[in-house]
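Trainee: Before the discussion begins, may the sequence and the model be placed before us?

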Amino acid sequence: MTTLAELCLQAPDPTHGRSIQVAYGVGDVRLAFEIADISAGAGIVWHDLSQLFERARWRVGAEEPYGKAVDGNPVVVLRRRFTDGIADFDALAPWYEDTSAVFGTHVRLRGGLIARLGVFRVAGGVTDKWFPLFTSRVKRWGDGARAMGNNRYHQITCMGMQSRLARKPLPSRLPEGWRPRLDADMTSAAYNLPIEVYGAETQDDGGGAVPTVKLAARPAVTSAIEALNSTLAPAGLVWRITPTGTLLVEPAPWTTFHDDKFADAGLTVTGSVRMNPLLASSPADASRSRGRRPTNPARSASTTTRSTVTGSGSTPTPRT
Amino acid sequence: MINEWQITYPVDVDDEEAGTDSRNYDDPVSADMFDPMPLQAANWLARNDQVQDDTVDYRAYADLVAPPMLTSIDAPGAFPALAVLGQYDPVTVVNATREDRTQVTADGIIRSITHEIKARIGGVSWKAWVQPDLRSSEQTPLLLPVNALQATDVREDGATFSWTEPTQAIAPTETQVRMNSGVWLPIAYPSGGGFDWLSGLNPSTLHKFEVRLVRKVDELTTHVSPVREVSFTTLAPTVPTVPPGGDGTVVIIPGDVAGDEECEAEWELRRSDDGIIWTTVASGDKDDFTYDPETDIWQLDNTGYEFEDGYLYRHRAREICGGVPGDWKYQEPDPIGCADPAQLGEAPYDDESLVVFVPKICNTQILEAVTGAPATKGPAFGGIGLDAAGNYALKSAAGAGGIVAYGPAGTDELTGDASQAITINLGEPPADGVPMGVWQSAGLHIEALYESSTEYRVRAKIFIASGGSITTTASDPLDVDTEYEIFVSHDVENTSVSVKVDDVEVATGTAGARVNALPVWIMSLPPGSYATSAAVWSSAVDLPTASPTVDGIVSSANAELTGLEVGDIVIYGRNYRANGASTPGQPGASGTGAIGTVTTITANSGYDTSGTSRGAFSCYWATVTTPGDISFAFGTDRLTYAIALRGTSGIAQTKVFAANGNASPSATLDSAPSNPVVGIVFAGGVADVTTPGLSGDYDYAGSVPWLYVGSRRGVGLTIGTGQTLSATLTSDQVLAGGSGIVLLETS
């Protein structure tokens, strides 16, 4: 039995994908476009369509400076050729009644399918590196207008996984910390994709654990997205969907609220530390190195160890 | 904007139990202006204060946003970064819109990325547009390139170049040039607006010359200007020439000596084992030349001849019109073959720490022997020759001093113990006041310094880690037209540097670890010079002592020995009958030093002799009892000689081969002696004695191979315990009453 969350975190099968002739250590770097049929229930698997992959375009990130992530709207185009070996030229048409010749079982090609794109490396017959690019829901499965001739194109329009949070009404909440509210809202929204949460949740300076940020009471809302924004922004947190379809909640890079909590030796903090990856460089141009300013002696003298942080115990993980 | 940061890192990456430590860095000025803007605390795998500081410095006054940037999968480093970049990831943008504008470096975070992947045959096309939000920027002036680079005087084997140097916002410290090579050659800045590359290039060939400016601080490159290049084709050859890439068995014959319908032509292939005496080994006429009308080139193919390693070869050709031969046109001497240098089988060149050895000659190509990496002929390259021992040597052109050859070497990280050696014979001293680095690599240079028109000194120059360079003391004056083996050893732990000439320490210095050097070797020589056995070791190796230490073999009206120490053995005498006396007598000793009891070395002492008389020269030895200098005076009409030996206890046996009146005195050591032997060969009678007729494994020793007084000639030599000698004086080298050979076996 495979849940949807497990499916999203499953690396591509080493037999899937197509080689893209990229040199990256040993092994074969491959590009995989795969779909999964939610209606298959517990038997859900990834079906490989990489050999038919023609092109894709999508976006990650925000529209405005320091903004919230928006839906990347991936668009994927598949190309069928007469010479591809799939006997029926209509086999990937959204109206086709039996696609088992392609997938081994009939998969109805329509909105609601899960689609993902990623590159991975196969070494020694196993997938040892995986760089997921996006995991989305299929919004529309098209049939090429240029169906005449040797090529037939299918344009697949997708929408991000945050669409699974849209139009999800949520009940009212009493005053509480940001983390209990986040968990309760996701449960109410029946959100069944992976979730990763980082941030200082509670703090205890000897008088008992209290939320680091206590939110006011909230009336019922019509959208889980609206609820996420209203819950996380006051706590100095941002959220987005990672390429594996994971809902990632982390401290905003322009604030230090949560890090300060973890760094405060007088507090016992629950929660998980999220670290942005860093690009370390050694400038060849020495003229870029300006005179060193004196380090704040008070801060330099302090020594902080991670033993001051107690919490969920989750190990910081690299960004997926 | 970020103006403070806290980094946590392991105290010991190999010991998790050692815990962690943290370090803070902030910009108090920015914090005062904009309030504290800390970046969230972070964990690093290792401490790196510089990067931490820079990260804050570059962001402390941020207010900029850059437009989207485009990268693609074929850009260096684009994969897998294309696949892993995400929103909020840090980004640095470096941009210069024009060479004469400043470079802007900005830092920020990624706002969004748009990907586009298209299937292509055999792979994909992958583009990504990155939209950053920038929070800080810094402007840096750049070095401008040279202007108006052009080849002004193109010749058969070289060219001169000129350029102008622009006004710079920051000052370059050196100019770098290269010719058909990946290795840059440093020259001075300002360069004077030009450079002469007057030899070493193949004729009728397209060449590319490049120039750039470099700024270095404490020997580290901080700025590099854009490169300017000029391509040119050298003129057609006027002498037989090896075509580009050829091995020397086929040569291009100049059209004016190839003959025609009216004129005959002849050619010869000649061989030499010393670069002086040439023997014709093959010859022919114009029927042997082949003509290619497309290239208008005459060629002579001698691939059928069996060339041998260890010799120099050259072709010569001339026209014969109306039965009158014209002048010979000579090819530059070249070796044929590709054998490893013989020195690599000898100590100390067989030491496993040897990292550079120059030259290995592979046909007409110069290689660095340890790695086999090809070298580049420098602007002063004057051909390939042979040293006194018959090893291939690199020559400087007769009219051009400077860099003879250079090439890549993995010596940039060699900052610990190291040694260097080079055998040189300088045709003239370096320019007055301009020390010449005859051998440079690993931050360690062997320099030659002008002393007089016929003398120079040597020393070592060390580029040290604390910045700048230091030099050792300089040697006593060395003579031009004389071969010396220079050896430098740097013991970093003991901070000592030793300079030896022919295995005698002549200068010392004090230096700690060296700074990382350019990963190249460079050989430079004054005009008319040659050098060989140039080596670098990654340890403080020492030269073997196969022969007794010879402080000096000198001769003059007053044979002078300097720097004598107690216990040194002094051998001295003369080679001419004094005023009709039956024996030449003993020269008088004077000076600050003193010798003890004098022993007369009698002829025929334990060895065979030959010849009819041994009365033409005398020989004595004694032990130095008072250190200092001693002269042995015995008039101006005779060859007075003196030798000092160190490290030996005395003279065990003598072997005197007299020659007074003997037409052809000769001597042969039938077997290698058990102790080192020192010898004197006297000759004379002709004005230009150049070859004493010696063969075997003997070494010329001391700083004066030939001793001159008037028409008398002598040569000092040493014979190691594994070496042999056969010596013969030809009749024209015999001077009545004063020619012969003396060999003394030490104990």
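Trainee: What percentage of the 320 residues of chain A count as buried?

Mentor: The model is predicted, so local features need pLDDT of at least 70 and side-chain atom pairs pLDDT 80 or more, while totals for chains, interfaces and linings use all residues; side-chain values use heavy atoms, without hydrogens and water. Residues are numbered from 1 along each chain as its sequence is written, chains are lettered from A, and ligands are numbered from 1 in the order in which they are written. Buried means under 20% relative accessible area, exposed over 50%, and partly exposed in between (1.4 Å probe, protein chains only). Of the 320 residues of chain A, the share that counts as buried is 46%.

Trainee: Is A:Thr256 buried or exposed?

Mentor: A:Thr256 belongs to the loop between strand S15 (247–251) and helix H5 (257–263) of chain A; helices (H or I, at least four residues) and strands (E, at least two) are DSSP runs, numbered from the N terminus. Its C-alpha atom is separated by 8.4 Å from that of A:Gly236, 20 residues apart along the chain. Because its relative accessible area is 8%, A:Thr256 is buried.

Trainee: Which residue with a positive phi follows H3(A)?

Mentor: Helix H3 of chain A covers residues 178–188, and its buried residues include A:Trp178, A:Leu182 and A:Met186. The phi of the residue that follows H3(A) is near 55°, and that residue is A:Ala190.

Trainee: Which strands stand at the edges of the sheet in chain B?

Mentor: Three strands form an open sheet of mixed pairing, in the order S2-S1-S3 (chain B); two strands pair if DSSP finds at least two bridges between them. Each edge strand has a single partner strand, so one side of each is left without a neighbour in the sheet; these strands are S2 (20–26) and S3 of chain B.

Trainee: What is the relative accessibility of B:Met37?

Mentor: B:Met37 lies in the loop between helix H1 (28–34) and strand S3 (42–43) of chain B. B:Met37 counts as partly exposed, because its relative accessibility is 32%.
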